[in-house]
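These are my notebook entries on a structure that was new to me. I set down what I looked up, topic by topic.

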Amino acid sequence: MVYKIYSYQKAVIMRVFSSFLRKVRTEHDLSQEGLRALLNERSHSFDSLDTISISRWERGINTPSLTKQSEIAEIFDDDLFNIYSSNADFVEECSSFIQLSSCVKNDKVTHPYYKNEQYYTQSMLPEHADFESMLELCLVYEGNPRLFPTRQKMTTTESLKPLTLVSAFCSLNQLVGHCLFCKVTTKALFEFMNSSIDILELLNIAKQDRANVLVVLSSFGVSSQIDNHMMSVYLNQLATDKAIEYLSFSTCDSKLKQKLMQMKIPMFKVKPIEHQSKIIQNYSFIMSRSEVMANRNMLMLSVIPTRKIQPTNVGI
Amino acid sequence: MNILIVDDQKFIREAIKADLVETSVEHDLQMFEAEDANQGIETIVATEGNIDLLILDLKMNNSDGMEVINFLSVHACYSDIPLAVISSSDQRTLELVSSIVSSLKLNLVGVFEKPINVGFILAQATRLQNQYGNEIDVNESVNTSDYDINKLLEDEQVLLCFQPQINMKSKRIIGFEVLARMYDENGYIYPDTFLPLIDKAGLNVEFSMMIIAKAFKFWENETGVTNYRLSINVTAEDLICDSLIDYIISYKKAHTHINLILELTESQKVINQACVLNSIARLIINDIGISLDDFGKSYSTYERLDTIPFNEIKIDRSFVCDIDTNKQHLLIVESTIALAKKMSVSVVAEGIETESVLNILDELGCDIGQGYLYSPPIEGRYLKAWVNRYVHKDTAINEH
């Protein structure tokens, strides 16, 4: 059950940022001292910054944390996702890390029929012929009783419209991963997390209101490659849709909870749900866009355009 | 399976034993009995804690079950004995005992009102034991020691976030509470993780100093927010440090227009020291407000009310966030607000996440609200934009 942190090399992150820094400094016609003064004036994070550090950042000897990088980027009206996703080398490297991690020895694939072969993903909207059956499988895996109303027969396709379901299949059309998410408002999300409204009401609000949070309801892959791939789908969605201010998870899957905690995401709350005389824990997480982008693992996953991961990919 | 029954009444012990034999599917059932707390403790020691279920009566003739509970809590080797408390006390007492036992981190099967259903207790115990085993597996991954706290502080890898405090009647912004985050090359680090490390390294006061200095600097330079109240957390330990108090006071003297309030947490032990009370007096004389943070969480809060001339009470989020569904919490919040009114101090409710909680607080006459319903903590660089949006009625909460 050990989740592998990608064997990442600092060098690429450094190169991307140092070239960004050199570029903006030239564009804005600033000396290193001028840049130091500007950063110092704009943010308390640079209270003790000196030109030596700037020089080292530019030469790629050293690099500031992503949190600082993101502040610098924003001072120049840019953001980390833009900077990193437009660097082909970095994107290449991130995608290959995801794929590599499944080839590493001891990376146990516990699945009975999936043996690391090729797979493809398919994004499904509620109109799709297979949506209902794939959603059913997803809900069975997730085991969150609060999501079950979505599989009742009386639930119309229309009411499920805000949901996005992405499934991964290997040969013989066997399901090897999925993610289920939707975009809602934070206000409705907190009502949902506190059980003041149910999933159908949440989805109903999602249709009317301006969404500012992407909430993940399930995310799973049989191998760590597919698991990461599924995560990259919604992280990329979040990164490219600038109206989304927060990322949230509401899950009963302890494997996903564990993965998030290993990524150092703080848990927002745990709520026990009683279902058929069993107690099921419902875990919630919420983080701001800047927290997502300052998290190295999440940034690396977010820059991967979904079609980049597998040549056999279709549908997205 | 070893079961220990501690109850002063013989017929109850006999009845439980009979029920156990009848309901248990296990054949290898070994039962121990004790008629008071001391005998119970002796049995626990004699069996070296090898007890699979401890059925404990709360009120006994010449002793009480709390003695056994306290014994379990101070001897870590016995603290995971599955404990079922039985009692004929009223519902409130049972809930109180339940929350005490949970806070002592004992392995509580449940608190059961007499007459009890032994079969149910046994089933509950078995179910929890299975869950308990799994839970430990899952938690092993949390590892905090991979941070070099000294280095992080030295590099000032600290970020300030602000959470708005809103006047519940007028919906106007009162001020903001400063919340600290740290970060490294992997991402943010949260107080749950870094505060214990800072404490362990003995750097509490240095850290508070850094946060206070950064918050001051931010507040005076950030036009558009300077007029709002600035609320900063301090611990009683900070108040022992004269140089920190001097710094805060001299800053306030130089910036009289900044409305500053300190939110005080920490144990009674430190608070009652003369020098802490002295510091609080100096702060108040210099027009710096004192707010009692986490009210209700610590057992000694009522004593604090008596000794400290504070301006405000903050009710802890763990009580506030579910007052619409938790009756006990509603009672606590209700009486705290009433108490604050009687003492003519203002009251802030933290942890407001839903509209129904907001409405209840409003009806109870709570003055100030704080929580994710208004906004999650906002990073300093986005604060001005948030204030603009809020003032122009553009945030979610203000749309209604």
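**Entry 1: the cores**

Which residues have the most contacts inside the largest nonpolar core? I began with this question, keeping in mind that the model is a predicted one. The core has 151 residues, and those with the most contacts inside it are Phe181(A), Val184(A), Val215(A), Tyr234(A), Ala215(B), Val320(B) and Ala349(B).

I took Phe181(A) as an example and listed its contacts, leaving out residues up to four places away in sequence. Phe181(A) touches Thr164(A), Leu214(A), Val215(A), Val216(A), Leu217(A) and Tyr234(A). I also noted a second, separate core of 34 residues, which includes Ala37(B), Leu53(B), Val85(B) and Ile86(B). As background, I recalled that nonpolar side chains tend to be buried together in soluble globular proteins.

**Entry 2: chain A in outline**

I counted 13 helices and seven strands in chain A. Of the 316 residues in this chain, 44% are buried. Among the contacts in chain A with a separation of 6 or more, 73% are between residues 24 or more positions apart.

**Entry 3: a covered strand**

How many residues of strand β5 of chain A are buried? I found that six of the six residues in this strand, 246–251, are buried. I sorted them by direction: Tyr246(A), Ser248(A) and Ser250(A) point one way from β5(A), while Leu247(A), Phe249(A) and Thr251(A) point the other way. In a regular strand the side chains alternate between the two faces of the sheet.

I next looked up the pairing of β5(A) with strand β4 of chain A, residues 213–221. The two strands run parallel and are joined by four bridges. Val213(A) has Tyr246(A) as its bridge partner in β5(A).

**Entry 4: a loop residue of chain A**

I located Lys161(A) in the loop between α7 (131–142) and β2 (164–170) of chain A. Apart from neighbours within four places in sequence, Lys161(A) is in contact with Pro126(A) and Lys207(A).

**Entry 5: where the chains meet**

I found 27 residues of chain B in contact with 30 residues of chain A. On the chain B side, β7 (173–184), β8 (187–189) and α8 (204–221) each supply at least two residues. Of the elements on that side, α8(B) gives the most, with three residues.

**Entry 6: chain B in outline**

Chain B has 17 helices and 15 strands, and 37% of its 400 residues count as buried. I noted its division into domain 1 (2–139) and domain 2 (149–399). The centres of these two domains, taken over C-alpha atoms, are 40 Å apart.

**Entry 7: one helix of chain B**

I examined helix α15 of chain B, residues 327–342. Its 16 residues reach 23 Å from the first C-alpha to the last, close to the 22 Å expected at 1.5 Å a residue. Which residues of α15(B) are buried? They are His329(B), Val333(B), Thr336(B) and Ala340(B). These residues lie on the same side of α15(B) because they cover an arc of only 65 degrees around the axis. Lys327(B), Ser335(B) and Lys342(B), on the other side, are exposed.

I looked up what covers the buried residues of α15(B), and the list includes β11 (289–295), β12 (312–315), α14 (317–320), β13 (346–349) and α16 (355–364) of chain B. Just after this helix, Ser344(B) takes a positive phi of about 55 degrees.

**Entry 8: a loop residue of chain B**

Where does Pro377(B) lie? I found it in the loop between β14 (368–370) and β15 (378–379) of chain B. With 17 other C-beta atoms within 10 Å, Pro377(B) is partly exposed. The C-alpha atoms of Pro377(B) and Cys161(B) are separated by 5.5 Å, although the two are 216 residues apart along the chain. Leaving aside neighbours within four places in sequence, I recorded contacts of Pro377(B) with Cys161(B), Phe162(B), Gln163(B) and Leu179(B).

Definitions and conventions: Residues numbered from 1 in each chain as written. Chains lettered and ligands numbered in written order. Predicted model: local features only at pLDDT ≥ 70, side-chain atom pairs only at ≥ 80, totals over all residues. Expected span 1.5 Å × (residues − 1). Buried ≥ 20, exposed ≤ 12 C-beta atoms within 10 Å, placed from the backbone. Arc of directions from axis to C-beta. Contact = placed C-beta atoms within 7 Å. Domains from an automatic or database assignment. Core = buried A, V, L, I, M, F, W, Y, C linked by C-beta atoms within 7 Å. Pairing = 2+ DSSP bridges.
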